[in-house]
Amino acid sequence: MQALRSPGGEHGRWGGLQHRRDGRLSRALYAAGPGRQHAITAELTYDSRNLTVVGVRRAAAARGTALAANTNDAGRLQVALASAHGFDEGAPLVLVLFEPRAER
């Protein structure tokens, strides 16, 4: 999987792919850059032949924020997150869950 930056706006940084005990995979989005950010946009590309996005949710550090995710384009995920209080770099903000596709 490869992370891409979306044009314009402030960006997030994708963490590494994590294997979960339930057999799914996850990847977290973090605030990137110095200082407090109030809006983050990020894009993630992935191999849709091997993975399916099954969930996009806020992490604990992003409670009470506005989250929008476009999961309609197979192989490409777009995420936008906004907060009146802002985000500090370091804590995960969004968690994306993937289901591995069965081998054919």
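Okay, so before anything else: helices here are DSSP runs of H or I with at least four residues, strands are E runs of at least two, and both are numbered from the N terminus. Keep that in mind, as A42, for one, lies in strand 5.

Quick housekeeping. What you see is a predicted model, where local features need pLDDT of at least 70, side-chain atom pairs count only at pLDDT 80 or more, and totals for chains, interfaces and linings use all residues. Residues are numbered from 1 along each chain as its sequence is written, and side-chain values use heavy atoms, with hydrogens and water left out.

How many helices and how many strands does the protein chain have? Zero helices and nine strands. Going along the sequence, that reads β-β-β-β-β-β-β-β-β.

Next, burial. We call a residue buried under 20% relative accessible area, exposed over 50%, and partly exposed in between, using a 1.4 Å probe and protein chains only. Of the 104 residues in the protein chain, 38% are buried. As for contacts, meaning heavy atoms within 4.5 Å, take those in the protein chain with a separation of 6 or more: 69% of them involve residues 24 or more positions apart.

Let's look at strand 4, residues 25–31. Seven of its seven residues are buried. Why does S26 count as buried? Because its relative accessible area is 7%. Leaving aside residues up to four places away in sequence, S26 touches G16, L17, Q18, R20, L95, V96 and L97.

And who are the partners of strand 4? By the way, two strands pair if DSSP finds at least two bridges between them. Strand 2, residues 12–14, runs antiparallel to strand 4 with three bridges, and G12 sits opposite A31. Strand 3, residues 18–19, is also antiparallel to strand 4, with two bridges; H19 has L25 as its bridge partner. Strands 3 and 4 make a hairpin with five residues between them, and G23 in that turn has a positive phi of about 90°. Then there's strand 9, residues 92–100, joined to strand 4 by six bridges, again antiparallel, with L29 opposite V94.

One more thing about Y30: R13 lies over its face, 4.6 Å from the ring centre. To count, NZ of Lys or CZ of Arg has to be within 6 Å of the ring centre and within 35 degrees of the ring normal.

Now over to strand 8, residues 76–87, which is joined to strand 5, residues 37–45, by eight bridges in antiparallel fashion. E43 in strand 5 stands opposite Q78. Is E43 buried or exposed? E43 is buried, because its relative accessible area is 11%. Its side chain makes a polar contact with the side chain of R76, at 3.3 Å. A polar contact is a pair of N or O atoms within 3.5 Å; within protein, one must be able to donate a hydrogen and the other to accept it, and residues adjacent in sequence count only if both atoms are side-chain atoms.

Back to A42: it's buried too, at 4%.

Last stop: strand 7, residues 66–70, pairs antiparallel with strand 8 over five bridges, and A68 has A80 as its bridge partner.
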